[in-house]
Amino acid sequence: MATSRTLRRIAPGGALVALGAVPATTTAAVRADAVSTATAPTAPGRAGRPTSAVDRVADFYGACIDVLYDCGRSRLADALRTHYLTAGLRQDLARWEAEHHRDGVLRAKGVPVAWKVVHNDSGMGHCWTRATLTWQDSADRTHRTRLMIQSDLATLLISGIRSAD
């Protein structure tokens with residue numbers, strides 16, 4: 001038996017079909033929508049603000065990982081670094097990468113399969129976020145790399161990356 005809420009959603013569509021104003025397939029779509037919204041769980045949304053240092057770190061890591069996954073280290077990856085990182089950090093990363101032979105942003109070789117960024121602390125004109133990168137090896141074992149990311153609140157640029165482990 002249909003509930004009154006479902007009938008309220010379907011009735012307008014049925015009335016329009018009866019008048020010949022809308023094809024009958026619209027009513028089926030309305031009915032399917034009424035059922036799916038009542039029973040299907042909503043997917044988690046993603047949101048952000050350009051004025052949030054934490055959101056900018058999350059945006060940087062998301063974009064950086066996407067680019068590395070899609071096409072490896074490229075001009076686009078370098079452009080992301082130029083846009084999101086301070087000049088001093090880019091110089092520090094170049095030295096770190098030459099010494100360790102790994103990507104300085106990820107602190108590893110390869111590309112993680114997932115990432116998560118959360119606020120850690122703020123003060124003295126800086127914001128610190130924790131990034132957790134999830135890796136999967138050829139045997140389907142997962143491990144995580146935890147990083148501490150420093151952002152300058154005045155510019156919202158990332159000014160430091162270090163291991164948090």
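## Close-up views of the predicted model

**View 1. The largest nonpolar core has 29 residues, and Phe60, Tyr61 and Val105 have the most contacts inside it.** H3, H4, H5, E2, E3 and E4 each supply at least two residues of this core. Helix H3 gives the most, with ten residues. A nonpolar core is a set of buried Ala, Val, Leu, Ile, Met, Phe, Trp, Tyr and Cys residues joined through side-chain atoms within 4.5 Å. Buried means under 20% relative accessible area, exposed means over 50%, and partly exposed lies in between (1.4 Å probe, protein chains only). This is a predicted model: local features need pLDDT of at least 70, side-chain atom pairs count only at pLDDT 80 or more, and totals for chains, interfaces and linings use all residues. Residues are numbered from 1 along each chain as its sequence is written, and side-chain values use heavy atoms, with hydrogens and water left out.

**View 2. What does Tyr61 touch, beyond residues up to four places away in sequence?** The list is Val105, Leu106, Trp115, Leu133, Leu147, Ile149 and Ile161. Contact here means heavy atoms within 4.5 Å. Now step back to the whole protein. Of the contacts with a separation of 6 or more, 42% are between residues 24 or more positions apart. Buried residues make up 33% of the 165 residues.

**View 3. The protein has five helices and four strands.** Along the sequence, the pattern reads α-α-α-α-α-β-β-β-β. Helices (H or I, at least four residues) and strands (E, at least two) are DSSP runs, numbered from the N terminus.

**View 4. Four strands form an open sheet in the order E1-E2-E3-E4, with antiparallel pairing.** Strand E1 (114–123) and strand E4 (158–163) are the edge strands, and each pairs on one side only. From one strand to the next, the twist averages 25°. Helix H3 (residues 53–71) packs on the sheet and touches E1, E2, E3 and E4. The direction of H3 makes about 155° with that of E1. Axes are lines fitted to C-alpha atoms, for helices over the stretch in contact, and angles run from 0 to 180 degrees between N-to-C directions. Two strands pair if DSSP finds at least two bridges between them.

**View 5. E1 and E2 pair in the antiparallel sense over nine bridges.** Val117 stands opposite Ala131 in E2. The two strands form a hairpin with two residues between them. Met124 sits in the turn and has a positive phi of about 55°. In general, strands of a sheet pair through backbone hydrogen bonds, either parallel or antiparallel.

**View 6. Strands E2 (residues 126–136) and E3 (residues 142–152) run antiparallel and are joined by eleven bridges.** Look for Arg130: its bridge partner in E3 is Met148.

**View 7. Which residues of helix H4 (residues 75–84) are buried?** They are Ala77, Leu80, Arg81 and Tyr84. These four cover an arc of only 100° around the axis, so they lie on the same side of H4. The arc is that of the directions from the helix axis to the C-beta atoms. The buried residues of H4 pack against H3, helix H5 (87–100) and E4.

**View 8. Arg81 forms a salt bridge with Asp103, with the closest N and O atoms 3.3 Å apart.** Arg81 lies in helix H4 and Asp103 in the loop between H5 and E1, so the pair ties together parts that are 22 residues apart in sequence. Are these two partners buried or exposed? Arg81 is buried, at 7% relative accessibility. Asp103 is buried as well, with a relative accessible area of 14%. A salt bridge is a side-chain nitrogen of Lys or Arg within 4 Å of a carboxyl oxygen of Asp or Glu. Side chains of opposite charge can pair when their charged atoms come close.

**View 9. Asp78 and Arg73 meet through their side chains in a salt bridge (2.8 Å, N to O).** Asp78 is partly exposed, at 34% relative accessibility. Arg73 is also partly exposed, with a relative accessible area of 44%.

**View 10. A salt bridge joins the side chains of Arg141 and Asp137 (2.9 Å, N to O).** Arg141 is exposed, with a relative accessible area of 55%. Asp137 is partly exposed, at 26%. Elsewhere, salt bridges that share partners join Arg73, Asp78, Arg81, Glu97 and Asp103 into one network. How many salt bridges are found in the whole structure? The search finds six.
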